[in-house]
Structure formats: C-alpha cells, structure tokens
Amino acid sequence: GLSYIHEIGPDLQISGDVNTYFTSSFYLQPIADPYLSQAGHAKIDARVSIGRPDGRWELSIIGKNLTNKITASYMNFATGSARSVQGLAEPPRSIGVRLGYKY
C-alpha cells in the first residue's frame, strides 16, 4: 500500500491511498480439483480525499477492485449434476463518493 498527504493551505489538505492485494491460485474447497480452483490475481483499491487537516470534514472518491477481476468467494459442485460448479461471485469494480463530517 501507499499513502500520501499534502496540505494545500492552512485549512485544506489532499490525501490518497492505493492498496494492492495479490494471491496466487488456490482451491476453494479442500479437494484439489481444478474445477474448484481460483486463479491467481491482483486487486487494487484506491481513495482520493480533500478536507480539513483536523479531520472535521472530508470528501472522498473511493474505488474498490479497480482491476475488475471476477473472482469467487465460494465454489462447490452443483448437486445432481456431473462437473457443474456453483459459486458466489465477489463484488466487481465499484466506485463511490463519501462525505464525512465530525461534530
């Protein structure tokens, strides 16, 4: 990960974070079956913010899974079907805006 903060004046600062998550291939079940494997991949999350240095308010743009890697958090063979796999997909790329205010 990498973080950066820079003051743009006495009452304003810009900051940002970038984080990379990497995993090699692995099996999603304790069975070493290639149908139940997750390929190695990297995902990148990032945030850019502007706000007061004391943290009273902050406006952020946040991106998750910016590489838009399609991955699964769970996979298993479907019941009653030979070599059919079912799984739960993890969230795709998402971008959001956050406004924070402390009082």
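This chain has nine strands and zero helices, where strands (E, at least two residues) and helices (H or I, at least four) are DSSP runs numbered from the N terminus. What you're looking at is a predicted model, so local features need pLDDT of at least 70 and side-chain atom pairs count only at pLDDT 80 or more, while totals for chains, interfaces and linings use all residues. Residues are numbered from 1 along each chain as its sequence is written, and side-chain values use heavy atoms, with hydrogens and water left out.

**The sheet**
- Five strands line up as an open sheet in the order β1-β2-β5-β6-β9, with antiparallel pairing; two strands pair if DSSP finds at least two bridges between them.
- β1 (2-9) and β9 (94-101) sit at the edges with a single partner strand each, so one side of each has no neighbour in the sheet.
- Strand β2 (residues 12-23) pairs with strand β5 (residues 41-51) in the antiparallel sense over eleven bridges.
- Val18 has Ala46 in β5 as its bridge partner.

**Overall shape**
- The C-alpha trace spans about 65 × 25 × 20 Å along the principal axes of the chain.
- The chain's radius of gyration is 20 Å, whereas a compact globule of 103 residues would be near 13 Å; the radius is taken over C-alpha atoms, and the globule rule is 2.2 Å times the number of residues to the power 0.38.

**Burial and contacts**
- Of the 103 residues, 20% count as buried, meaning under 20% relative accessible area (1.4 Å probe, protein chains only).
- Among contacts (heavy atoms within 4.5 Å) with a separation of 6 or more, 51% join residues 24 or more positions apart.

Methods:
Buried means under 20% relative accessible area, exposed over 50%, partly exposed in between (1.4 Å probe, protein chains only).
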